[in-house]
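Here's a friendly walk through a protein model for anyone meeting it for the very first time. Have a look at it, and then we'll go through some of its parts.

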Amino acid sequence: ACKSWHRRRPRCGAAPPVTLKGALVRKPSCIRPVRRRRLAFVAVVLSLASLTPPFAAHAASPDTNSRLAMPASRLNRSPEQAPVVFGSVGLGGALDHSQGLPVVGGGFIFRPAEASGFLDFLYDWNTGMVLQAERLSLGHGGRTLSADLILRRYRRFASGTAAEGKVTVPFWGGGIGASSADPGDDGQAAALKYWSLVAEGGQEWRFPGGRMLMVKGQVRYFHKSGIDYTAWSIAVGAGLPFPF
């Protein structure tokens, strides 16, 4: 049977865990299924790296060092839109087992023109900001909860209000979350509260009036001291401008 991804794995050479009442003792193994966890970690790192602009070849030049250049004008920027409040539902699971678990989420999306009010350079990167909360069921009454801050980079600039019709915008991004996991009735699992890394990719369909549809795939790297809750999810969502 597949091991649950959130169980603590023994270290190589460590003594077997102590059990009570003649329960079976699992022998320690030096073969760790870490390949998929490493791939998930690499995906998150590459996603974050894609948000970083190339390093300047000449830092002393105003063309490559914004601190030496004149303040950028906002006159040619697309008009700001209201933030979008969204909800999403989907399925998720571990990278190699326990598939098809329900995941629900929701939050706020700030497009590049809006996000530049927090960090001005996000407009130049064509990058928005997502604040989201997410819950993934683990079965047996268990679950993971996470509150995330994600930088979402759009493939191209879109029109300000989509007044001319539907606008399709692909995106990818990455961020960090404050996460917790409760194993529920699984006696061999361990709870965990720690930071997690998130990588995402998907597409938005924007309609007149600020309405939006969205589909996205996501990988969450959530691992500490042998306790592993790394998982994936695919979700669809819909959003409306806020305030309504």
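Let's start with Leu 149, which sits in strand β4 (residues 142-154). Strands here are DSSP runs of E with at least two residues, helices are runs of H or I with at least four, and both are numbered from the N terminus. Because its relative accessibility is 39%, Leu 149 counts as partly exposed; buried means under 20% relative accessible area, exposed means over 50%, and partly exposed is in between (1.4 Å probe, protein chains only).

Before going further, a word on the source: this is a predicted model, where local features need pLDDT of at least 70 and side-chain atom pairs count only at pLDDT 80 or more, while totals for chains, interfaces and linings use all residues. Residues are numbered from 1 along each chain as its sequence is written, and side-chain values use heavy atoms, with hydrogens and water left out.

Leu 149 also belongs to a nonpolar surface patch, together with Phe 108, Leu 131, Ile 176, Tyr 194, Trp 195, Leu 240, Phe 242 and Phe 244. Together they have about 900 Å² of accessible area. A patch takes residues with over 30% relative accessible area and no salt bridge, joining nonpolar side chains (Val, Leu, Ile, Met, Phe, Trp, Tyr) within 5 Å and like charges within 9 Å. Areas come from the Shrake-Rupley method with a 1.4 Å probe, and for residues only the protein chains shown count as cover.

Now the whole chain. It has three helices and ten strands, in the order α-β-β-α-α-β-β-β-β-β-β-β-β along the sequence. Of its 244 residues, 38% are buried. The chain exposes about 14,100 Å², with carbon and sulfur atoms supplying 63% of that. Among contacts (heavy atoms within 4.5 Å) between residues at least 6 apart in sequence, 61% join residues at least 24 apart.

How do the strands β5, β6 and β7 line up? Strand β5 (residues 167-182) runs antiparallel to strand β6 (residues 192-206), joined by 15 bridges, and β6 pairs with strand β7 (residues 212-221) in the antiparallel sense over ten bridges. Two strands pair if DSSP finds at least two bridges between them. Thr 168 has Trp 205 in β6 as its bridge partner, while Glu 204 stands opposite Met 214 in β7. The hairpin of β6 and β7 has five residues between the strands, and Gly 209 there takes a positive phi near 85°.

Side chains of opposite charge can pair when their charged atoms come close. The structure holds seven salt bridges, each a side-chain nitrogen of Lys or Arg within 4 Å of a carboxyl oxygen of Asp or Glu. Here are some of them:

| Pair | N to O distance |
|---|---|
| Asp 148 and Arg 220 | 2.7 Å |
| Glu 200 and Lys 216 | 4.0 Å |
| Glu 204 and Arg 206 | 3.1 Å |

Asp 148 lies in strand β4 and Arg 220 in strand β7, so this pair ties together parts 72 residues apart in sequence. Both Asp 148 and Arg 220 are buried. Glu 200 in β6 and Lys 216 in β7 are 16 residues apart, and their pair also links distant parts of the chain. Glu 200 counts as buried because its relative accessibility is 6%, and Lys 216 is buried at 5%.

What about Glu 204 and Arg 206, buried or exposed? Glu 204 is buried, with a relative accessible area of 0%, and Arg 206 is buried too, at 8%. Salt bridges that share partners join Arg 111, Arg 152, Glu 200, Glu 204, Arg 206 and Lys 216 into one network.
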